[in-house]
Amino acid sequence: MNPELRELFEIKQDDENNNKPVRQNVGTHIGIRLAVIILGTIGFFIGMIQAKGWGALGIAFFMMIFHALWLLFIIIETAVLQSNGKFKLRNVNLIFIAILLFIYALGALIFLGN
């Protein structure tokens, strides 16, 4: 863009920030997301063990809602990471999405197969 137009519209362009490599800590990213899903699932399993009758089914339903919300968060975060150019972290999120969908598909096949 023309420097005079940039000055007229007060547009600031930082060429220095665009050339910096983006820091991507994959280990921390994986650890936080795995901790959330595993601790949440363990908490719901403890609740299901202590519940009786229909209460256990209700807690299992809430666990599925928790997993769906976690999946929605991961999908939104994947889009944000794509736009920020953090492709390694995006790929980790895509793997998480694939694993969770695979686990639920396997569970559905087992449940419907009987």
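**Helix packing in a predicted model**

Reader: Which residues of α5 are buried?

Author: This is a predicted model, and helix α5 covers residues 87-113. What covers the buried residues of this helix includes α3 and α4. Those buried residues of α5 are Leu 89, Arg 90, Val 92, Asn 93, Phe 96, Ile 97 and Leu 100.

Reader: How far does α5 reach from its first C-alpha to its last?

Author: Helix α5 has 27 residues, and at 1.5 Å a residue a reach of 39 Å is expected.

Reader: Are α3 and α5 roughly parallel or roughly antiparallel to each other?

Author: The axes of α3 and α5 come within 10 Å and cross at roughly 30°. Angles under 35 degrees count as roughly parallel. The two helices, α3 and α5, are therefore roughly parallel.

Reader: Is the crossing of α3 and α5 left-handed or right-handed?

Author: The helices meet through Val 26, His 29, Ile 30, Arg 33 and Leu 34 in α3 and Lys 88, Leu 89, Val 92, Asn 93 and Phe 96 in α5. By class, the residues of this contact divide into six nonpolar, two polar and two charged. The crossing of α3 and α5 is right-handed.

Reader: How is α3 oriented relative to α4, roughly parallel or roughly antiparallel?

Author: Helix α3, residues 26-50, packs with α4 at an angle of about 170°, and their axes are 8 Å apart. Angles over 145 degrees count as roughly antiparallel. Relative to α4, α3 is therefore roughly antiparallel.

Reader: Against which helices do the buried residues of α4 pack?

Author: Helix α4 has 31 residues and reaches 45 Å from its first C-alpha to its last. Its buried residues are Ala 56, Ala 60, Met 63, His 67, Trp 70, Leu 71, Ile 74, Glu 77, Thr 78 and Leu 81. They pack against α3 and α5.

Reader: Is Thr 78 buried or exposed?

Author: Thr 78 lies in helix α4 and touches Arg 90, Asn 93, Leu 94 and Ile 97, not counting residues up to four places away in sequence. Its relative accessible area is 8%, and buried means under 20%. Thr 78 is therefore buried.

Reader: Is Gln 82 buried, partly exposed or exposed?

Author: Gln 82 is also found in α4, and it touches Phe 87 and Arg 90, not counting residues up to four places away in sequence. Its relative accessible area is 37%, which lies between the 20% limit for buried and the 50% limit for exposed. Gln 82 is therefore partly exposed.

Reader: Which residue just after α4 takes a positive phi?

Author: Helix α4 covers residues 54-84. The phi in question is about 80°, and the residue that takes it is Gly 85.

Reader: How many helices and strands does the chain have?

Author: From the N terminus on, the elements run α-α-α-α-α. Of the 114 residues of the chain, 21% count as buried. The secondary structure comes to five helices and zero strands.

Notes: Residues numbered from 1 in each chain as written. Predicted model: local features only at pLDDT ≥ 70, side-chain atom pairs only at ≥ 80, totals over all residues. Heavy atoms only, no water. Helix = DSSP H or I, 4+ residues; strand = E, 2+ residues; numbered from the N terminus. Buried < 20%, exposed > 50% of the residue type's maximum accessible area, 1.4 Å probe, protein only. Contact = heavy atoms within 4.5 Å. Axes fitted to C-alpha atoms, helices over the stretch in contact; angles between N-to-C directions. Parallel < 35°, antiparallel > 145°, perpendicular 65-115°, else oblique. Expected span 1.5 Å × (residues − 1). Left-handed = near helix turned anticlockwise from the far one by under 90°. Nonpolar A, V, L, I, M, F, W, Y, C, P; charged D, E, K, R; others polar.
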